[in-house]
Amino acid sequence: MSEAMSVAGSADRSLRIEVDQHSPMRLSGAFGCAPGELLALVGPSGAGKTSMLRVLAGLMRPQAGRVVVGGEVWNDTAAGVFRPVRERRVGLVFQHYALMPHLSAIDNVALPLLQQPRLLRQAQARRWLDHVGLNAALHGRRPAQLSGGEQQRVAVARALARNPSLLLLDEPFSAVDQMNRQALYQLLADLRQQLAIPILLVTHDLNEARLLADRFVVMDAGRVLQQGTPASIYQAPRNTRVADLVGIRNRFEGEWLGPADDPGWGWLRWHSGGSGTASVVRLKVRDKGKLAAGQNVHWVVPGDAVTLLDRAAQSPGELGVTVTEVRQLAEITMATLGLRDVPGAQLRLTLSGRQRSQLAVGAQMAVQLELAMVHVMPVRTTADAA
Amino acid sequence: MDWQALVLSLELASLTLVVLLPAGLWLGRWLAYSEFPGKAWIEALVVLPLVLPPTVLGYYLLVSLGAASPVGRWVAQNFDVQLSFNFAGLLIASVVFNIPFMVQPVQRAFMAIPRDLGEAAAVSGLGLWQTFWRVELPLVWPGVLSAMVLTFVHTLGEFGVVLMMGGSIPGETRTIAIAIYDRVQAFDMVAADRMALLLLLLSLLAVAASFFASARLAVRR
C-alpha cells in the first residue's frame, strides 16, 4: 500500500485549510495537519465539524476558502479553483459508513478500484479487508449481515483503497459498542503508524479525542476557537467557552488585582462561585500582562496542579477544604471539595492509588495549588465573540 | 378469440416500455434529485394522465396530433407519417398515458436512496455514469421493475384513449381491450368471455410476478 504513498520525499504532504463563510451557515477558521498527524475536530453538535470535513472532501463548496493537500490546490475560491470530489484522492469514513447495501464487503472495498481489472481489484480489496482485520469468512457478506464494528472496518478499508492523500473520519465510533471501540482505536493507532498522510477525526467524545489525537481543533458555532495539543488547551484554554467545551471542571471566577512585586506575577482575588462576591483568598499567579487591574476574570487550574493533603491547613500557601462528595469508581475516585474560605467554590479531583482510601465525606483536609499552572482568562464578552 | 388483437396489444405494451423506460428513469431521477422553482408543476403534469378521464386525454391528443392539427400536418409533410388512427398514434397516446405509472415509482425509488451513498460513490472516485450503473440502478431496480409491470399491464387494458386516438382498425389499432368491446357489441359473449379472462389472468400473473420479485430483492438486501 505504501508505494504510491512514499513517493520519495515528494513535496509537502500536509494539509492546509482556510474557510470564511457567512451564509448559508457560518463556517470560518484555518488550520493545518502534518502528514502522519492525527487532528481531532472537537465541539458540540452543530459546531461545524462535519461541514469542515465536507469542505475538505469537496462535498461542500465554501463561500470563500482555500484547501491545499499534499501541495495540490483542491479549492481556492480566490483563484476559481475547485477540484470535484471524484478527482480528490480523499478517504472518507462516513458517520453511518454509507456502505452500499447491495454489495458485499469485498465489492464495497473494490469500488474505488474500478479503473483496475476485475481480478486485481478483488485481490486488492481482499488485502485491504485483511489489513483492517475483517475475518475472511465475512468478506462475501452484505453490510446488513455485519455488526457495527465490522461495517466500520469495511468503511475504513474502502477509504484506504482509494489510496488517499487525506483521511477523514466523521464520528466513526458513534455506532460501535464500547468493546469494539477499543479494538478500533487500536486499528486507528496502527494506521497512523503506517500512513504518512494527514488524518482528521471528527468527534464530540473528548475522551476519545484525547486518547487518539495529537492536536485538537476546538470548534463552536461554525468557528475555530482554539487549536493546539490537548495538554496546551487543557492548561490554557483561550476563553471560558473553550474551557467549557473541553470539559475543564475546575473553572472559577475572580478579580484581577494587578501585578505583584516579582515581575511576571500578579494577584488574583478568588470570588465565590455564582454570586461573584469576593473572598479573602488571594493567589499569586502568572501575569501575562494582558489584564487590567480590577477586571473580572475566569481562571482554571488543571487537576494535576492540585495536591491534596491529609491534614488541616497549616501554612499560608495551603487552603482548607471539606470533602463534600466521594464517588468510588472501579479504578478512580472522583472527589468534590468545598473551600473553607471561598463559599460556593468547589474543586473537583480525580484520584487514584493510595489517596483514594483516605477520603470520607466531611473530612477536613487541605490543598496546595501549583500556582504557576493557574491560567487566567478574561470574561468573554460579545466583542470577543466577533 | 382475436389473436391479432392480442399480438397487437403485446406489441404496443412492449414498445411503450422501450420508449418509456429510459425516459422514465431520466425524469424520475431528475425529479428525485433536483430542487427548483416550479418543480411542483412538473410533478403535477406527470400525475395528470392519472386523474384525467381517458376520453379527455384522448381527445386532446387527437386534437393536437391529428391530421388537421399543425403538428400532425407538419409531421405528415416532412416524414409522410400520420399520428392518428394508426399504430404510431396509438404508441404516442400509450406513452403519454403511462407517464405517471412509470415516473412516480421510479422517482420514489430514487428518493429512497440515502444521500450519503451517492456521496460515498463520488468520494470513491466514481463518475456519474458509474454511480448510476453500480449504485443507483441496483438500488432502484425493484421500483423500476414494478413500474414496468404496471405500465405493461396498464397498456394491455387501456380502452378510452386508444379508442379516441386509434379507433378500431384490425391489425393496426384494434387492441385486445377494443376487441372485447367489439365482441360484446356484436353479442359474441363467448369470444368476449375468453379474451376478458385471458386479460384478467395475464394481468394477475404479471402483478403477482412483480410482487414476488420485489419481495425477493428486498430480502437479498
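1. Basis. This is a predicted model, in which local features need pLDDT of at least 70, side-chain atom pairs count only at pLDDT 80 or more, and totals for chains, interfaces and linings use all residues. Residues are numbered from 1 along each chain as its sequence is written, chains are lettered from A, and side-chain values use heavy atoms, without hydrogens and water.

2. Interface extent. Chain B brings 19 residues to the contact and chain A 20 residues (heavy atoms within 4.5 Å). About 1,800 Å² is buried between them, 66% of it from carbon and sulfur atoms. Buried area is the accessible area (1.4 Å probe) lost on being put together, summed over both parts.

3. Arg54(A) and Glu119(B) form a salt bridge, with their closest N and O atoms 2.7 Å apart.

4. Chain B side. α6 (115–123) and α7 (128–157) of chain B each supply at least two residues to the side touching chain A. α6(B) gives the most, with 7 residues. Helices are DSSP runs (H or I, at least four residues) and strands likewise (E, at least two), numbered from the N terminus.

5. Sheet in chain A. An open, antiparallel sheet of 5 strands runs β16-β20-β17-β18-β19. Its edge strands are β16 (306–309) and β19 (346–351). Strands pair if DSSP finds at least two bridges between them.

6. One strand pair. β17 (residues 318–328) and β18 (residues 333–339) of chain A run antiparallel, joined by 7 bridges. Gln328(A) has Thr333(A) in β18(A) as its bridge partner.

Definitions and conventions. Buried area is the accessible area (1.4 Å probe) that two parts lose on being put together, summed over both. A salt bridge is a side-chain nitrogen of Lys or Arg within 4 Å of a carboxyl oxygen of Asp or Glu.
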